[in-house]
Amino acid sequence: MTYAVIGTGAIGGYYGAMMARSGQEVHFLLHSDYDEVKKHGLRVKSCDGDFSLPHVNAYCSTKEMPPADVVMVCLKSTRNHLLRELLPPLLHEQTIVVLIQNGIGVEADVEQMFPGIQLVAGLAFICSAKTEPGCVDHQCYGSINFGNYSCRNEERFQQMVADFRAAGVKAGVVEYHEARWRKAVWNMPFNGMTVALNTQTDCLLKHPSTRALIREQMMEVIGVANALGISGIDASFADKMIQTTDEMTPYSPSMKLDFDFHRPMEIDYLYTRPIAIAHEAGLRMPKLEMLEAELRFLEHRLRS
């Protein structure tokens with residue numbers, strides 16, 4: 001199958017490079033890095049071993065790219081309005097679009113833009129950053145789970161998963177709603193808290209007060225997920241996520257990097273949408289609601 005990457009940054013650059021290294025045909029959409037990657041290729045500094053792709057199918061417009069069997073959308077969700085123009089040149093009747101993005105509700109909104117589109121949620125558990133033009137710094141982990149939202153071609157879906165595994169990526173298949181809420185258990189506490197307290201993941205867990213608060217926030221997410229009928233997430237999952245983060249390289253999540261570099265933060269899908277869904281179900285997430293308010297204040301001050 002042919003693959004396309006929209007958003008060749010820390011996430012799209014890593015997974016796209018892994019697929020290309022394994023022999024898959026991958027086409028990369030780039031913006032600021034286009035000239036660098038076109039001339040010198042794509043480099044990955046990885047905890048699993050560095051590698052480079054000297055020759056990359058690099059483009060600065062999707063209009064120049066061929067239609068793909070699988071499109072990996074790795075843009076920040078704050079830029080999803082661009083998909084109205086970016087996606088159509090890459091689609092054919094059987095194209096699967098994988099949204100490797102944070103938050104709750106992204107698939108529903110993209111489906112409204114493109115009725116009938118075949119969508120899959122991609123939930124990446126990875127510490128990765130783009131440190132310089134044409135270079136991805138993969139610090140640790142790297143697995144991805146796929147949740148089928150509206151993909152009708154099961155054979156093609158399973159082939160995509162097999163291709164990721166063949167590329168050396170630990171890839172799993174999980175129920176869509178469970179996948180999104182599982183990711184929210186980690187994302188909602190750590191993304192916002194690192195911004196609000198201007199710190200990294202390790203510092204949050206080293207202090208007893210913030211460690212306890214992180215777990216309480218996780219349990220708010222799990223409580224909503226369970227109330228929505230998702231039974232595969234419980235307190236043991238929160239403990240597992242905390243243990244995994246303890247073992248992780250000290251890390252600034254994507255929202256912290258966005259804040260530090262004065263980029264828009266993904267508050268809508270990471271906080272506002274899941275909080276609204278909780279309210280519709282008659283539930284509250286008070287600690288995360290307070291965190292959302294703090295993030296809105298910081299975002300406003302950043303833009304003022």
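R211 and D246 form a salt bridge, with their closest N and O atoms 2.8 Å apart. The term salt bridge here stands for a side-chain nitrogen of Lys or Arg within 4 Å of a carboxyl oxygen of Asp or Glu. This pair links distant parts of the chain. R211 sits in helix α8 (residues 208-227), D246 in helix α9 (residues 235-246), and 35 residues separate them. Helices are DSSP runs of H or I with at least four residues, strands are runs of E with at least two, and both are numbered from the N terminus.

How open are the two partners? R211 counts as partly exposed, at 30% relative accessibility. D246 is partly exposed too, with a relative accessible area of 41%. The classes are set as follows: buried is under 20% relative accessible area, exposed is over 50%, and partly exposed lies in between (1.4 Å probe, protein chains only).

A word on the basis of these values. The model is predicted, so local features need pLDDT of at least 70 and side-chain atom pairs count only at pLDDT 80 or more, while totals for chains, interfaces and linings use all residues. Residues are numbered from 1 along each chain as its sequence is written, and side-chain values use heavy atoms, leaving out hydrogens and water.

Now take the whole structure. A search of it finds 17 salt bridges. One of them joins K130 and D33, where the closest N and O atoms are 3.3 Å apart. Here, too, distant parts of the chain are linked. K130 belongs to strand β8 (residues 118-132). D33 lies in the loop between β2 (25-29) and α2 (34-40). The two are 97 residues apart. K130 is partly exposed, at 38% relative accessibility. D33 is buried, at 5%.

Next comes the pair D258 and R263. Their side chains meet in a salt bridge of 2.9 Å, N to O. R263 counts as partly exposed, at 36%. Elsewhere, salt bridges that share partners join R43, K45 and E132 into one network.

Finish at K256, in helix α10 (residues 254-260). K256 is buried, with a relative accessible area of 5%. What does K256 touch, leaving aside its neighbours within four places in sequence? K256 is in contact (heavy atoms within 4.5 Å) with T194, V195, N198 and T199.
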